[in-house]
Amino acid sequence: MDASELYDPEFRKLIKSKKQTVIIPVGSLEQHGAHLPITTDSDIVTEIASRLAKKCGFIVLPTINYGVSYEHSPLFNTSIDGKVLGNILMNIIHSLKENNVNSIIILNGHHGNDKIIGTLRSVSSYSYWHFMKHEFDHAGFVETSLMLAISDKVKMKKAKKGFTTKGLSEKEIQRINKLSTQQGGFPKVAKNGVWGDPTKATKKDGEKFLAEIVRNLAKECQS
Ligand SMILES: [Zn+2]
């Protein structure tokens, strides 16, 4: 169920009578190459949260559409500081608990939020790409396929191959991974803002990835 379908006082009664689990999706507002909208992370995590909620009988709260994306500067990003994001989430968690909602899932859709979300206590927190086998990317094959499956805003004609780790040593990949997460580091590694190759992305692959992620997340949440 989506928060837009909930009414007070019925919802309060529901919380009293039965334990409710809520999901708070967290996204970002940042460049995703020339072919994906800057809302991509938020769009994907919102869709996954909604599918997970349907499968498990959870409630989805509105997505936090901003995240920690300073690594993309000077390419477009609208960022909030990690501490601020942590405080926003802690405030929401506290408020939910005051309202008797004690089962809370934070679902993350952006790599730069990982560190902060991992420090939250008394909630379950997951980054969705850990629930799929395929190696994740940024505006590459995986993310573009996911967007093709859920959005009509993908401009495939503008999709260009970006940085890939093919042929690099493990040590070199580690160095590049680290550089790409520092402030302004991402475009130093991936000049066109793309990590991976989106040119072969398909809607069908996106649907496969979505099904895999939701299946694995549901298993984790219900265990
Ligand atoms: Zn993304």
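## Crossing of α2 and α8

Helix α2 crosses helix α8 in the right-handed sense. This description refers to a predicted model. Two packed helices are described by the angle between their axes and by the distance between those axes. Here α2 spans residues 40–56 and α8 spans residues 203–222; the packing angle is about 55 degrees and the axes lie 10 Å apart. The angle of α2 to α8 therefore makes the pair oblique.

## Residues at the helix contact

On the α2 side, the contact is made by Ile48, Arg51, Leu52, Lys55 and Cys56. Their counterparts in α8 are Leu210, Ile213, Val214, Leu217, Ala218, Cys221 and Gln222. Sorted by class, nine residues of this contact between α2 and α8 are nonpolar, one is polar and two are charged.

## The sheet

Strands of a sheet pair through backbone hydrogen bonds, in either a parallel or an antiparallel manner. In this model, four strands form an open sheet with parallel pairing, in the order β2-β1-β3-β4. The edge positions are taken by β2 (59–60) and β4 (124–127); each has a single partner strand, so one side of each has no neighbour in the sheet.

Strand β1 covers residues 21–26 and strand β3 covers residues 103–108; six bridges join β1 and β3 in the parallel sense. Within this pairing, proline 25 is placed opposite leucine 107 of β3.

## α2 against the sheet

Helix α2 also lies across strands β1, β2 and β3. The direction of α2 is at about 165 degrees to that of β1.

Methods: Residues are numbered from 1 along each chain as its sequence is written. This is a predicted model: local features need pLDDT of at least 70, side-chain atom pairs count only at pLDDT 80 or more; totals for chains, interfaces and linings use all residues. Axes are lines fitted to C-alpha atoms, for helices over the stretch in contact, and angles run from 0 to 180 degrees between N-to-C directions. Helices (H or I, at least four residues) and strands (E, at least two) are DSSP runs, numbered from the N terminus. Angles under 35 degrees count as roughly parallel, over 145 as roughly antiparallel, 65 to 115 as roughly perpendicular and the rest as oblique. A crossing is left-handed if the near helix is turned anticlockwise from the far one by less than a right angle, and right-handed if clockwise. Two residues are in contact if their C-beta atoms, placed from the backbone, lie within 7 Å. Ala, Val, Leu, Ile, Met, Phe, Trp, Tyr, Cys and Pro count as nonpolar, Asp, Glu, Lys and Arg as charged, and the others, Gly among them, as polar. Two strands pair if DSSP finds at least two bridges between them.
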